[in-house]
Amino acid sequence: MRSIDRNGLTACHHGIRPHIHCTPILTARSLNSEIGAEIYFKCENFQRAGSFKIRGASHAILCLTPEQVSNGVVTHSSGNFAQALALAARSAGVKACIVMPANASQVKLAATAAYGAEIIVCESTIEDRQLQANRIVEERGATFIHPSNDLDVILGQSTAAVELFEVHPDLDVLLVPVGGGGLIAGCSLAAVYFSDHCQTIGAEPLAVDDAWRSLASGNIETNKSTETIADGLRTGLGDRNFPIIQKNVERIIRVSEQAIIDAMQLIWQRMKIVIEPSSAVAYAALEIEKQKFRGKKIGVILSGGNVDLANLPY
């Protein structure tokens with residue numbers, strides 16, 4: 001069992017540092033003025049493989065036993081973890097098989113293939129993703145690495161916030177997108193162990209608000225539909241990350257599809273950087289509840305930048 005405390009998070013960070021970028025923290029005076037707060041964007045869109053996912057993937061690969069290394073790894077992902085695990089595995093000389101849904105972005109499919117992973121296309125349901133991944137485990141003895149419901153992955157994802165707190169330990173709020181729950185679980189741990197008072201708040205699409213409903217009910221809820229532009233947030237919470245989220249996440253803000261598009265466009269216009277819809281969810285939450293955030297010092301995790309430039313939604 002990995003150590004879930006400040007020392008454990010620090011050890012994880014030190015271990016993966018050679019395999020990741022320490023991404024920049026950017027500010028925009030116009031957006032500060034818009035919200036009436038100090039906003040610090042942790043830009044994981046500049047990360048290797050285009051998203052924060054390389055952090056968790058690298059840590060999970062580094063934690064494999066020699067036997068697991070020889071048998072390879074498998075995961076299911078709509079794109080960002082697919083790319084991250086493919087790259088992390090290639091760097092470590094480990095075979096990777098990635099199960100990807102048929103509705104995954106063509107940009108993310110192509111990038112995953114370019115990193116040398118074997119791709120298996122499945123139906124666009126969480127059930128079929130897991131079914132196909134289980135088949136690979138049974139047939140090949142591969143180790144399944146869940147994109148978000150895996151402690152090694154969660155600890156790896158925490159390092160994005162660890163780096164932010166190293167520069168700004170006095171944040172009042174940390175805003176994090178919520179999909180499978182690995183990023184927000186990890187970031188909430190970083191807030192607990194590297195900050196005295198920072199609240200972790202999640203942001204998710206209204207169309208797939210299972211995390212919001214899960215916190216309300218106290219049980220892991222699911223979505224009947226995955227129809228959101230934020231393709232990286234279509235998956236649900238798991239039994240390993242949900243207890244962490246329950247304990248450490250203050251609340252979750254839900255945002256509309258149009259609010260996501262507007263935030264994505266605004267960040268491009270004001271900051272001159274491209275982020276994917278899943279990243280824009282966090283800033284969209286700021287816009288929606290700006291009155292509650294006035295005067296605060298806020299960290300925002302921009303989770304990735306893997307977007308099809310030929311099909312921008314604005």
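**E204 and the spaces in the model**

E204 touches V178, D209, D210, A211, W212, I252, I253, R254, V255 and V281, leaving aside residues up to four places away in sequence. Contact here means heavy atoms within 4.5 Å. This is a predicted model, where local features need pLDDT of at least 70, side-chain atom pairs count only at pLDDT 80 or more, and totals for chains, interfaces and linings use all residues. Residues are numbered from 1 along each chain as its sequence is written, and side-chain values use heavy atoms, with hydrogens and water left out.

Q: Why is E204 said to have no salt bridge?
A: A salt bridge needs a side-chain nitrogen of Lys or Arg within 4 Å of a carboxyl oxygen of Asp or Glu. For E204, the nearest side chain of opposite charge is R254, 6.3 Å away, so no salt bridge is counted.

Q: What makes strand 8 a strand?
A: A strand is a DSSP run of E with at least two residues, numbered from the N terminus. Strand 8 covers residues 199-205, and E204 lies in it.

Q: What makes a space a cavity, and how many cavities of 30 Å³ or more are found?
A: On a 1 Å grid over the protein atoms alone, a cavity is a set of points where a 1.4 Å probe fits but cannot get out. The search of the whole structure finds two cavities of 30 Å³ or more. The largest cavity holds about 290 Å³, and F52, K53, G180, G232 and L233 are the closest to its centre among its 28 lining residues. The second largest cavity holds about 70 Å³.

Q: What makes a residue part of the lining of the second largest cavity?
A: Lining residues have an atom within 4 Å of a point. For the second largest cavity, they are P101, N103, S124, T125, I126, R129, T226 and R234.

Q: Why are two of these lining residues classed as nonpolar?
A: Ala, Val, Leu, Ile, Met, Phe, Trp, Tyr, Cys and Pro count as nonpolar, Asp, Glu, Lys and Arg as charged, and the others, Gly among them, as polar. The lining of the second largest cavity therefore divides into two nonpolar, four polar and two charged residues.

Technical notes: Helices (H or I, at least four residues) and strands (E, at least two) are DSSP runs, numbered from the N terminus. Buried means under 20% relative accessible area, exposed over 50%, partly exposed in between (1.4 Å probe, protein chains only). Lys and Arg count as positive and Asp and Glu as negative; His and the chain ends are not counted. On a 1 Å grid over the protein atoms alone, a cavity is a set of points where a 1.4 Å probe fits but cannot get out, and a pocket is an open set with protein on both sides within 12 Å along at least five of seven lines; lining residues have an atom within 4 Å of a point. Grid points are joined across faces, edges and corners, and a volume is the space filled by probe spheres set on the points.
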